[in-house]
Amino acid sequence: MQNPKVFILAIESSCDDTAAAVLHNDNVLSNVVANQLIHTQYGGVVPELASRAHQQNIVPVIDAALKKANITKEQLSAVAFTQGPGLMGSLLVGSSFAKSFALALQIPLIAVNHMHAHILAHFINEEGFDKPTFPFLALTISGGHTQIVKVEDYFKMTIIGETTDDAVGEAFDKSAKILGLPYPGGPLVDKNAQLGNPKAFKFTKPKVPGLDFSFSGLKTAILYFVQKQKLQNPDFIAENMNDICASIQYTIIEILMDKLKLAVKETGIRQIAIGGGVSANSGIRSTLKEAEAIYGWKTFVPKFEYTTDNAAMIGIVGYQKFLSQQFESAAVVSKARIQF
């Protein structure tokens, strides 16, 4: 049953984005994100620099979230924060602030699993977006994770398939690096792919049993392919960038869809929801929507701003935990790796 007076302040600091949101029940009043541009010059996230930037950003971001939501801190019902998984230094900045804030205001503290939040982001009340019903299958795809999760309730989730090595987001970013594209390269592969022929070049899909994934072999195959072609034509990448990106993206989507089709067959569940940063990819989003007509699935694609790391998704988990009184003491610890 909804309590009309529940206001959740949510804090997300698992990697390189400092985010804060305020939710009134399952409605987002504000969702503020401060990006860290410093990592672009290093071609990847530098953990020490990330944690320092979080320290600089967290107070202004939370202040902005409260002001945008037009509420005072005294109106808050609880503080939710990302407990893990993520970079330890980054997580500690968020958890330390959350603990202090909750203690000062004498309101409940709620710890949230970042991966659960990507899945439950679908339950944010957003006009024009349907919410899945239980049970459903969640495909969580990000820079660090690739999972198929059977979701039976808000807090009853089982991983039925996952990557045995690299995550799909890393496959996109490393492929982009091979092509000389700047970090983060995944969105640039997507942008170029929209202008190319997805069947221009063929890459072999890895043979992995069951519902698990593997992307390390594909990355190696792309590297060797590009190196071989450049020996014959030094301008190969520049002349074929769009087609290469389209072919890489097509192959990755095929890998994801093959496993999803198998998961539907094995579980009998025909509701599919995607989450995680890579779910912002236009090819994956359109392919999944097309699957509704082709396979008779009901698919759920989140609003773009709830795909990448954000605090609104932490807040919706915080709201559900608030309703079931799942609170933590200040002794709760951040975890770089956390049990799903």
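Both faces of strand β9 are covered: Q271, A273 and G275 on one side, and I272 and I274 on the other, are all buried. Here, buried means under 20% relative accessible area and exposed over 50%, with partly exposed in between, using a 1.4 Å probe and protein chains only. Helices (H or I, at least four residues) and strands (E, at least two) are DSSP runs, numbered from the N terminus.

The model is predicted, so local features need pLDDT of at least 70 and side-chain atom pairs count only at pLDDT 80 or more, while totals for chains, interfaces and linings use all residues. Residues are numbered from 1 along each chain as its sequence is written, and side-chain values use heavy atoms, with hydrogens and water left out.

The sheet around β9 comes next. An open sheet of 5 strands is found in the order β8-β7-β6-β9-β10, with mixed pairing. Its edge strands are β8 (156-162) and β10 (298-300), each of which pairs on one side only. Neighbouring strands of this sheet are turned by 25 degrees against each other on average, direction ignored; the axes are lines fitted to C-alpha atoms, for helices over the stretch in contact, and angles run from 0 to 180 degrees between N-to-C directions. Two strands pair if DSSP finds at least two bridges between them. Strands of a sheet pair through backbone hydrogen bonds, either parallel or antiparallel.

Strand β7 (residues 146-153) pairs with β8 in the antiparallel sense over 6 bridges, and V149 has I159 of β8 as its bridge partner. Strand β6 (residues 136-141) runs parallel to β9, joined by 4 bridges, with A138 opposite A273 in β9. Together, β9, α8 and β10 make a right-handed β-α-β unit. A crossover is right-handed if, with the strands pointing away from the viewer, the path from the first strand over the helix to the second runs clockwise.

The structure holds 1 cavity of 30 Å³ or more, and the largest cavity has a volume of about 40 Å³. On a 1 Å grid over the protein atoms alone, a cavity is a set of points where a 1.4 Å probe fits but cannot get out, and a pocket is an open set with protein on both sides within 12 Å along at least five of seven lines; lining residues have an atom within 4 Å of a point. Grid points are joined across faces, edges and corners, and a volume is the space filled by probe spheres set on the points. The largest cavity is lined by L139, I253, L256, M257, L260, I274, I284, T287 and L288. Helices α7 and α8 are the elements that give two or more residues to this lining, and the largest share, 4 residues, comes from α7. By class, the lining has 8 nonpolar, 1 polar and no charged residues. Ala, Val, Leu, Ile, Met, Phe, Trp, Tyr, Cys and Pro count as nonpolar, Asp, Glu, Lys and Arg as charged, and the others, Gly among them, as polar.

The second largest pocket contains about 310 Å³ of space. Of its 18 lining residues, Y250, I253, G283, T287 and E290 are the closest to its centre. The elements giving two or more residues to the lining of this pocket are α7 (236-267) and α8 (282-295). The lining divides into 9 nonpolar, 6 polar and 3 charged residues.

Some backbone details remain. Most residues other than glycine have a negative phi, and most peptide bonds are trans. The peptide bond from G84 to P85 is cis, with omega near -5 degrees, and P85 lies in the loop between β4 (78-84) and α2 (88-105). The bond from F134 to P135 is cis, with omega near -5 degrees; P135 lies in the loop between α3 and β6. N70, in the loop between α1 (47-69) and β4, has a positive phi near 60 degrees and is exposed, with a relative accessible area of 68%.
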